[in-house]
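Welcome, and thanks for taking a look at this one. Please open the structure below and keep it in view while you read; the notes are grouped by interface.

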There are 4 protein chains.
Amino acid sequence: MEHPSIIFKIVCPDRPGLVSLLTSWISNYGGNIKHSDHHTDQDAGLFLSRIEWNSNNESLNRDEIYKEFEKIADAVNGQFNVNYSDEIPNVAIFVSKQNHCLIDLLWRVRNGELKMKVPLIISNHSHLENIANDFSAKFVHIDTFKTDKTVVEDQFLNLLKEYDIDLVVLAKYMQILSDSFLKKFSSIINIHHSFLPAFKGGQPYHRAWKRGVKLIGATAHYVTEDLDEGPIIEQCTVNVSHRDEVDDLIRKGRDIERIALARAVRLHLNHQVFVYNSKTAVFD
Amino acid sequence: MEHPSIIFKIVCPDRPGLVSLLTSWISNYGGNIKHSDHHTDQDAGLFLSRIEWNSNNESLNRDEIYKEFEKIADAVNGQFNVNYSDEIPNVAIFVSKQNHCLIDLLWRVRNGELKMKVPLIISNHSHLENIANDFSAKFVHIDTFKTDKTVVEDQFLNLLKEYDIDLVVLAKYMQILSDSFLKKFSSIINIHHSFLPAFKGGQPYHRAWKRGVKLIGATAHYVTEDLDEGPIIEQCTVNVSHRDEVDDLIRKGRDIERIALARAVRLHLNHQVFVYNSKTAVFD
Amino acid sequence: MEHPSIIFKIVCPDRPGLVSLLTSWISNYGGNIKHSDHHTDQDAGLFLSRIEWNSNNESLNRDEIYKEFEKIADAVNGQFNVNYSDEIPNVAIFVSKQNHCLIDLLWRVRNGELKMKVPLIISNHSHLENIANDFSAKFVHIDTFKTDKTVVEDQFLNLLKEYDIDLVVLAKYMQILSDSFLKKFSSIINIHHSFLPAFKGGQPYHRAWKRGVKLIGATAHYVTEDLDEGPIIEQCTVNVSHRDEVDDLIRKGRDIERIALARAVRLHLNHQVFVYNSKTAVFD
Amino acid sequence: MEHPSIIFKIVCPDRPGLVSLLTSWISNYGGNIKHSDHHTDQDAGLFLSRIEWNSNNESLNRDEIYKEFEKIADAVNGQFNVNYSDEIPNVAIFVSKQNHCLIDLLWRVRNGELKMKVPLIISNHSHLENIANDFSAKFVHIDTFKTDKTVVEDQFLNLLKEYDIDLVVLAKYMQILSDSFLKKFSSIINIHHSFLPAFKGGQPYHRAWKRGVKLIGATAHYVTEDLDEGPIIEQCTVNVSHRDEVDDLIRKGRDIERIALARAVRLHLNHQVFVYNSKTAVFD
């Protein structure tokens with residue numbers, strides 16, 4: 001059986017010799033690089049690297065390998081991650097009433113496209129409970145309208161902790177999370193139903209229809225405190241015409257929302273996304 | 001030889017019997033409909049119709065046919081146009097320094113894609129004079145920076161009159177026309193280098209790069225007094241990634257700017273665009 | 001409540017006066033046209049028309065309206081259909097092992113995008129039985145490998161008759177239907193996992209990968225006796241690169257297969273597709 | 001002023017330590033890697049690498065650097081190239097009557113998008129001589145119809161030698177080059193007006209129209225002895241409908257032909273294309 005891949009990511013100030021430095025260690029350890037991609041952001045003076053490799057050498061355990069990369073990262077003043085392809089993260093999905101993104105994500109988990117577990121589904125409505133039950137995920141309905149936001153979000157945080165959640169996906173969750181919440185949990189991907197930065201905020205399809213655009217979009221992005229300003233991971237568009245009513249935009253939009261969100265989640269799970277300077281580099 | 005096509009367009013309040021009313025007259029006259037397209041905007045309560053037809057019957061001249069359609073339009077409280085496929089309009093192209101849209105439009109005129117004459121090219125720079133000369137178009141360089149805007153725009157209006165201009169195309173003309181000018185001449189198509197309404201205003205590629213979008217766009221639209229708010233005719237997008245610098249966005253953008261503008265001008269020349277409620281219906 | 005729409009479609013030899021002829025009857029009956037689209041295929045000498053209208057006038061029942069249109073169609077030597085928006089056809093879905101198209105279609109039925117009933121799901125494997133059960137559709141597993149094809153197809157025909165099926169959708173049904181079957185039941189839409197006519201036949205993704213194409217496609221088409229030669233309704237593509245293995249092509253392909261098939265089925269259900277000369281005109 | 005970039009490309013059997021081996025040399029020499037991209041084709045057991053770097057160290061001249069990389073390549077049994085960003089190759093463009101690809105390529109050369117010289121334009125028709133003259137390129141009209149193919153191709157080869165041509169671009173050159181010619185000169189990019197492998201051979205737009213496809217394509221590829229089977233570099237598509245006649249397909253096709261060809265030539269000039277096993281890996 002093949003050994004799990006080790007995925008090493010680093011962002012550091014650019015300078016000569018970085019690729020050599022990183023790959024020499026792996027080579028000396030007997031590692032075999034499967035994919036490696038590097039990018040220099042000239043403007044920011046930053047070097048970004050992702051190296052996916054594996055090895056038969058088991059002389060170091062995962063903690064030890066982590067420490068080795070920590071040393072390298074320290075030496076170049078970098079921020080780094082080490083991940084393994086056999087780590088399956090816990091993902092909580094937040095939804096409201098619409099089911100298309102949730103169903104799509106769960107289908108992709110089932111067929112192996114998305115390597116993640118979904119132990120927890122949270123909603124401000126009860127509509128999608130059956131879907132959660134079918135998937136054997138815990139469904140928690142929290143009435144965000146009747147309850148104080150701080151209380152609600154404390155419940156969220158407790159649940160995320162209880163279920164050991166690594167990533168939250170807002171799959172058409174039509175509520176805004178507070179800055180206070182985001183300070184405590186920040187690994188969150190959202191799908192916005194417009195080609196951002198167009199139509200930030202509410203009712204994007206209605207406003208797109210009114211504006212008479214000839215294409216509509218969907219944007220998957222990390223959530224930050226500035227609403228709809230988070231780093232963009234993926235965008236999709238589809239053509240529309242004067243024959244399309246708002247309902248048609250909503251219908252057509254569902255297809256690109258599902259696809260943009262699924263691609264973004266997959267890229268995140270594969271550790272292919274770097275975030276810096278309020279934007280992303282996506283190594284695909 | 002085939003008779004020229006007659007293109008009849010009307011917008012009127014919706015009510016039963018409109019298509020029948022319009023087509024009966026054509027049928028009784030012995031006309032043969034080549035294309036006809038109708039749209040009901042339920043929300044606005046409007047009926048839009050474009051009928052392209054021809055006929056061997058020459059008992060009525062063009063003025064008389066116009067008067068016949070005027071009678072029909074009056075009966076249904078509609079706004080209408082009658083055009084003929086052998087009418088070749090005069091188009092003035094406004095440019096600044098960038099040549100890609102100008103060269104592209106003139107190439108399409110030469111190869112017969114765009115049925116228009118270009119007797120006049122106006123610029124606030126002298127860079128593109130040779131291109132105008134090669135095309136045997138009058139090139140007028142007006143220094144918009146040193147001259148009062150009112151004076152400049154009066155010169156524009158005189159030129160448009162002198163050359164009997166039907167349509168102005170802003171092919172990367174990086175200046176704003178005043179409300180006063182637009183009140184006097186309003187048949188103007190512009191190409192904006194973003195997928196509107198995103199990145200309205202200046203430096204859209206720089207801002208798109210800074211925002212980290214994953215696609216950039218180009219929008220061809222009619223010019224109105226609200227800058228970048230005019231009715232959209234055509235939009236194109238192209239993928240970008242973190243590897244693209246601003247210069248790459250500009251380079252990739254040129255290709256979609258040319259195509260979006262050319263398509264919009266062609267649709268306009270073919271009388272396939274309806275404008276109402278600050279947006280368009282494009283019958284393609 | 002709004003009256004159901006009446007959708008009238010006709011194909012006939014082109015000649016002057018056809019739109020007028022069709023719409024005058026509707027107008028005289030007090031009908032209001034909601035959408036009408038006409039196309040003249042100059043090459044084939046054919047006129048195609050689709051008129052969607054409704055009326056408060058109930059002096060004629062559906063049979064009588066049918067007869068009226070039959071008279072018109074006879075007068076112009078045309079082939080015609082009359083359908084109503086409140087007719088919900090019975091659709092049988094044929095599948096093998098892959099579930100993505102089936103799940104997607106059933107989801108669209110549930111959310112109202114596809115106005116059809118699915119009383120019957122037929123498969124040459126038993127894998128997808130649960131999905132059928134969840135949807136309360138009859139699931140019939142027929143082992144096409146162990147049984148003579150004629151016998152199998154007779155079972156199919158009996159089932160189609162028993163369930164009063166109007167349309168069959170092959171949602172990744174990896175078997176070929178015989179000419180004899182197609183002569184007896186011909187309203188069938190298939191999804192082929194390539195941009196036809198490229199990669200006709202088996203293993204299109206493997207062959208696309210081997211050929212090194214930079215985009216892959218999916219094609220929804222009506223089934224005819226010439227395999228993969230049926231009239232094309234819809235095609236979608238997605239970019240691929242050298243980094244994509246065959247499995248990635250299969251994964252990316254699933255997304256465009258679902259979308260191409262769903263669009264084609266929707267267009268068919270809305271009576272927006274004309275078939276003639278081995279191709280389609282799609283009035284969208 | 002910045003030193004020119006050095007672009008090192010290698011293809012070799014995969015084995016551990018390759019990236020380290022390549023980058024260590026560069027690092028030791030004091031080089032700074034600007035872009036590096038590596039790919040392992042698991043199926044073929046091959047490792048592909050492109051490293052773009054520069055250095056202030058001028059202790060080795062270009063010949064010496066070449067020999068250093070030759071040593072590395074020999075050690076890993078690889079095929080390699082070393083190129084410099086200040087090398088501007090000589091490109092000959094072959095055309096027939098259509099001008100759109102030629103005009104587009106020359107425009108991109110002039111505006112700096114394509115870093116190449118075009119000293120020579122060869123045609124089997126005289127139509128495009130003026131374009132060559134305007135660009136100050138030698139235009140050679142060789143009547144391929146009246147002359148024996150061997151004689152014609154010998155003239156081609158002599159011209160390619162005389163003008164020291166590095167790359168030939170077939171910009172809608174509607175003739176087939178013989179195997180014998182290709183054995184003597186093989187660095188050739190062609191634009192085919194279909195999404196290969198669909199519609200190989202002649203009249204692809206006519207056949208696409210007849211088949212009723214819903215999208216048409218253009219494919220830029222290297223030319224090999226098997227017609228239309230060469231490694232694909234870039235493909236573009238555009239939607240078409242039943243309203244499009246063959247002439248519309250040809251018109252729409254011109255836009256994607258220009259773009260696909262220009263992208264492919266740019267990728268080639270930037271040494272971003274690897275060719276192996278009859279396909280390409282494009283590092284973009």
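How many residues of domain 1 of chain A are in contact with domain 2 of chain A, and how many residues of domain 2 do they meet? In this predicted model, 11 residues of domain 1 touch eight residues of domain 2.

**Inside chain A: domain 1 and domain 2**

- The domain assignment places domain 1 of chain A at 6-84 and domain 2 at 90-282.
- Between the C-alpha centres of domain 1 and domain 2 of chain A there are 31 Å.
- Together, domain 1 and domain 2 of chain A bury about 810 Å² between them, and carbon and sulfur atoms account for 66% of that area.
- On the domain 1 side, Lys9(A), Leu48(A) and Arg50(A) provide 51% of the area buried against domain 2 of chain A, more than any other three residues.
- Polar links are there too: five residue pairs are in polar contact across the interface of domain 1 and domain 2 of chain A, both partners at pLDDT 80 or more.
- Salt bridges, on the other hand, number zero between domain 1 and domain 2 of chain A.
- If you colour by secondary structure, look at strand 1 (6-13) and strand 3 (46-54) of chain A, as each supplies at least two residues of the side of domain 1 that touches domain 2.
- By class, that side of domain 1 of chain A has six nonpolar, two polar and three charged residues.

**Chain A with chain B**

- Here the contact draws on 35 residues from chain A and 35 residues from chain B.
- Chain A and chain B bury about 2,900 Å² between them, with 52% of it on carbon and sulfur atoms.
- Four salt bridges are counted between chain A and chain B.
- Arg211(A) also takes part in a salt bridge, its side chain meeting that of Glu229(B) at 3.5 Å, N to O.
- Across the interface of chain A and chain B, 20 residue pairs are in polar contact, both at pLDDT 80 or more.
- Strand 2 (32-41), helix 7 (204-211), strand 11 (232-239) and strand 13 (279-282) of chain A are the elements that give two or more residues to the side touching chain B.
- Strand 11 of chain A gives the most to that side, with five residues.
- Sorted by class, the side of chain A that touches chain B holds 14 nonpolar, 10 polar and 11 charged residues.

**How chain A and chain B are related**

**Chain C with chain A**

- In this pairing, 20 residues of chain C are in contact with 20 residues of chain A.
- The area buried between chain C and chain A is about 1,700 Å², and 44% of it is on carbon and sulfur atoms.
- How many salt bridges are counted between chain C and chain A? The count is eight.
- Asp255(A) and Arg108(C) form a salt bridge through their side chains, at 2.8 Å, N to O.
- The interface of chain C and chain A also has eight residue pairs in polar contact, both at pLDDT 80 or more.
- Helix 3 (100-110) and helix 8 (246-269) of chain C are the elements that give two or more residues to the side touching chain A.
- Helix 8 of chain C provides the largest share of that side, eight residues.
- The side of chain C that touches chain A divides into four nonpolar, four polar and 12 charged residues.
- Chain C can be superposed on chain A by a turn of 180° and a shift of 0.0 Å along the axis, with an RMSD of 0.0 Å.
- Because 100% of the interface residues of chain C are also interface residues in chain A, the copies meet through the same surface.

Conventions:
Residues are numbered from 1 along each chain as its sequence is written. Chains are lettered from A and ligands numbered from 1 in the order in which they are written. This is a predicted model: local features need pLDDT of at least 70, side-chain atom pairs count only at pLDDT 80 or more; totals for chains, interfaces and linings use all residues. Side-chain values use heavy atoms; hydrogens and water are left out. Domain bounds come from an automatic or database domain assignment. Contact means heavy atoms within 4.5 Å. Buried area is the accessible area (1.4 Å probe) that two parts lose on being put together, summed over both. A polar contact is a pair of N or O atoms within 3.5 Å; within protein, one must be able to donate a hydrogen and the other to accept it, and residues adjacent in sequence count only if both atoms are side-chain atoms. Helices (H or I, at least four residues) and strands (E, at least two) are DSSP runs, numbered from the N terminus. Ala, Val, Leu, Ile, Met, Phe, Trp, Tyr, Cys and Pro count as nonpolar, Asp, Glu, Lys and Arg as charged, and the others, Gly among them, as polar. Copies are superposed by least squares on the C-alpha atoms of residues with pLDDT of at least 70 in both.
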